[in-house]
Amino acid sequence: LVVLTGEFKMGADSGSAVSYKTDVSSVEVNEMRATVVVPARLDTGAEGKKAGAYSAEITTNVIGDLTSTSLYSKLRDAVRNGTELYWECNLKSGSVSPTNPKYSGLVAVTLAKVGSAVGGLSQFSVTLPVNGLVATATS
């Protein structure tokens, strides 16, 4: 999958989500399970590993525009107000399909930052924990 263009939206809910694709240079959806260690047993002498609790997070690289309608401002306001945000993304432009699924969910907004080296582009990477499961739509 070569990602050239796509979509990234955030808002209070799916109906109010706004496109921020001009503010985002990358997005990753990470789903994982904790590792549960099973103690070594007398029969094998080796500890085992099992999949534990599910968790997910999204990581985006945000271009730090300071306008009131920017993604940075949306994240900053959510941090200050302690609110969760709905998010959705497609990794390719075009209709939602089995080869271009839409991922979505709610995130706890725990970070917003801004800054840059002199002469550099203001951008930052932010990883936000997803509350619950990541939804995947294919149609």
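Student: In what order do the strands form the sheet, and is the pairing parallel or antiparallel?

Tutor: This is a predicted model. Its 7 strands make an open sheet with the order 2-1-5-6-7-4-3, and the pairing is antiparallel. Strand 2 (18–19) and strand 3 are the edge strands, each pairing on one side only.

Student: How many bridges join strand 5 to strand 6?

Tutor: There are 6 bridges between strand 5 and strand 6 (residues 102–108), and the two run antiparallel. Within strand 6, tyrosine 103 is the residue opposite cysteine 89.

Student: Which strands does helix 1 lie across?

Tutor: Helix 1 lies across strand 1, strand 3, strand 4, strand 5 and strand 7, at about 35° to strand 1.

Student: Which residues of helix 1 are buried?

Tutor: Start with the general idea: an α-helix has 3.6 residues a turn, so residues three or four places apart point the same way. In helix 1, the buried residues are Leu71, Tyr72, Ser73, Leu75 and Ala78. They pack against strand 1 (7–11), strand 3 (24–38), strand 4 (48–63), strand 5 (84–90) and strand 7 (123–137).

Student: Why is serine 73 classed as buried?

Tutor: Buried means under 20% relative accessible area. Serine 73 has a relative accessible area of 1%, so it is buried. This serine 73 belongs to helix 1 (residues 71–81). Leaving aside residues up to four places away in sequence, serine 73 touches Leu66, Thr67 and Ser68.

Conventions
Residues numbered from 1 in each chain as written. Predicted model: local features only at pLDDT ≥ 70, side-chain atom pairs only at ≥ 80, totals over all residues. Heavy atoms only, no water. Helix = DSSP H or I, 4+ residues; strand = E, 2+ residues; numbered from the N terminus. Buried < 20%, exposed > 50% of the residue type's maximum accessible area, 1.4 Å probe, protein only. Contact = heavy atoms within 4.5 Å. Pairing = 2+ DSSP bridges. Axes fitted to C-alpha atoms, helices over the stretch in contact; angles between N-to-C directions.
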